[in-house]
Amino acid sequence: MPTTYKIEHLHQPEGWLSPGYLEVDDRGAIARVSADPAVTGDVLTLPGFGIPGLSNLHSHAFQRALVGRAEYVAGEHAVDNLWTWREQMYRLADRLLPEDYEAIGALAYLEMLQFGFTSVCEFHYVHHRPGGGTYDNPAEMSDRLIAAADRTGIGLTMLPVLYERGGSGKPLENTQRRFVHFVDEYLALVERVRAHCTSRPTLRVGAALHSLRAVEPRAVLTASADLRANDPRVRLHIHVSETTHEVAAVQAELGARPVQWLLDNAGLDENWCLVHATHLDESELAGAAASGAVAGLCPVTEATLGDGIFALVEYHAAKGRWGIGTDSQSSTSIAGELKMLECGKRLELRRRNVIAVPDSGQDSHSGRVLFDSALAGGEQASGQGGGALVPGRRADLVILDADSNPLLGHGPRTALDAWILGGTQNPVRHVMVGGKWIVYDRQHPEEAAIRAAYRKSMARLED
């Protein structure tokens with residue numbers, strides 16, 4: 001039987017219903033939304049603010065194990081940046097066993113759910129055995145992440161990664177051998193992973209081409225054409241322009257900046273996600289916005305790695321689509337990522353409320369603009385089927401506790417401002433994915449076991 005919830009304040013695309021009635025059918029989809037109960041059965045009351053679950057559009061789950069373990073400088077005169085951090089990440093990746101991969105992934109996904117993400121795009125490139133040998137099951141490591149998602153209940157968009165070389169014009173490094181496929185092997189892996197979708201309603205499969213520095217240009221075009229021939233709506237994700245060093249290396253090899261090369265050659269459209277689109281010039285920014293592609297932003301990771309600041313104000317003004325990801329898992333907080341994005345630009349521009357632009361005399365609230373933009377971009381990049389609390393969408397619902405310190409005394413007009421730009425306490429109380437309560441009263445039934453498995457893996461990895 002369908003279940004109807006009376007929610008004190010219910011987020012809608014054009015505002016709020018206070019209260020709002022949300023009916024969820026037996027398939028986990030939203031059947032009806034109304035200000036009028038109009039039901040004969042029981043109605044379950046949920047106080048607080050009901051918002052759609054957000055899709056995390058970029059995750060390397062295994063990097064959760066590196067958080068807090070790379071915050072030092074080795075050597076008296078060392079300069080620390082993405083490239084020095086990457087060496088530590090590679091050393092971690094080369095030690096991971098399948099059971100570690102699953103345990104670390106489960107903790108990362110649990111934390112995402114507890115902060116209000118209801119799905120995640122997993123940019124997965126640790127495919128092979130340590131040293132590069134293949135597993136008997138070529139999808140062994142992919143399957144471990146799917147198992148982690150199954151255990152936690154998060155929606156998963158799996159993005160197996162094509163990886164070919166050590167960098168623009170560079171041979172493969174030994175620590176990268178776990179990542180590498182020939183194109184035909186890679187396409188077979190994607191299809192093998194896709195076969196899991198028939199039995200898992202919250203699993204989607206797309207594809208990721210690591211970057212123009214790690215994938216030969218011909219392979220980018222060959223793989224993307226083949227993937228799109230099999231599925232015209234396949235989500236395609238790629239790292240671009242994370243650092244000025246990367247931009248210069250790609251430009252030296254290809255004669256064009258990364259996003260410009262993709263615009264000229266790859267047919268960018270709404271099915272593409274441009275991850276770390278940090279360093280776009282004016283032409284690339286306009287072209288990417290016009291293409292309909294999503295800019296995949298990971299503000300806390302980009303800050304901790306010293307990458308740079310995305311041209312958020314200009315891109316948003318150009319009607320560019322964007323969403324947020326947690327990438328290295330330095331943060332798994334929606335509010336933390338969006339606060340970093342907005343406040344980083346405030347520091348740069350030395351003014352407040354940079355993304356909020358009044359329209360037709362109406363107030364424009366930064367929290368609402370940030371949340372709604374990330375919501376739409378995340379859904380576009382993930383293809384999960386949620387993204388709004390409207391009929392026909394998957395019932396991915398997050399309840400924010402109105403009695404939590406950040407939201408205390410707030411109504412719907414300022415609730416998202418208070419959550420994202422206010423206090424640090426996490427107000428997420430309940431989380432539903434596909435009509436099922438995954439976190440209820442801040443409790444997840446598998447949390448103790450997930451933490452124990454993570455602790456066991458970390459003890460082995462730190463030996």
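## Reading the model

Let's start with a term: a residue is buried when its relative accessible area is under 20%, exposed when it is over 50%, and partly exposed in between, using a 1.4 Å probe and protein chains only. This is a predicted model, where local features need pLDDT of at least 70 and side-chain atom pairs count only at pLDDT 80 or more, while totals for chains, interfaces and linings use all residues. Residues are numbered from 1 along each chain as its sequence is written, and side-chain values use heavy atoms, with hydrogens and water left out.

## Salt bridges

A salt bridge here is a side-chain nitrogen of Lys or Arg within 4 Å of a carboxyl oxygen of Asp or Glu, and the model has 25 of them. One joins Asp25 and Arg27, at 2.9 Å from N to O. Asp25 is buried at 18% relative accessibility, whereas Arg27 is exposed at 69%.

Another pairs Glu342 with Arg346 at 2.8 Å, N to O. Both sit in helix H11 (residues 334–349), 4 residues apart, or about one turn of the helix; helices (H or I, at least four residues) and strands (E, at least two) are DSSP runs, numbered from the N terminus. Glu342 is buried at 0%, and Arg346 is buried too, at 15%.

Then there's Arg442 with Asp401, whose closest N and O atoms are 3.3 Å apart. Arg442 lies in the loop between E17 and helix H14 (447–461), and Asp401 in the loop between strand E15 (397–400) and H13, so this pair ties together parts 41 residues apart in sequence.

## The nonpolar core

Now for the inside. A nonpolar core is a set of buried Ala, Val, Leu, Ile, Met, Phe, Trp, Tyr and Cys residues joined through side-chain atoms within 4.5 Å. The largest one has 125 residues, and Leu262 and Trp322 are among those with the most contacts inside it. Helix H2 (residues 98–114) gives this core its largest share, 9 residues.

## The largest pocket

On a 1 Å grid over the protein atoms alone, a pocket is an open set of points where a 1.4 Å probe fits, with protein on both sides within 12 Å along at least five of seven lines; lining residues have an atom within 4 Å of a point. Of the 29 residues lining the largest pocket, those closest to its centre include His316 and Ser364. H12 supplies the largest share of the lining, 7 residues.
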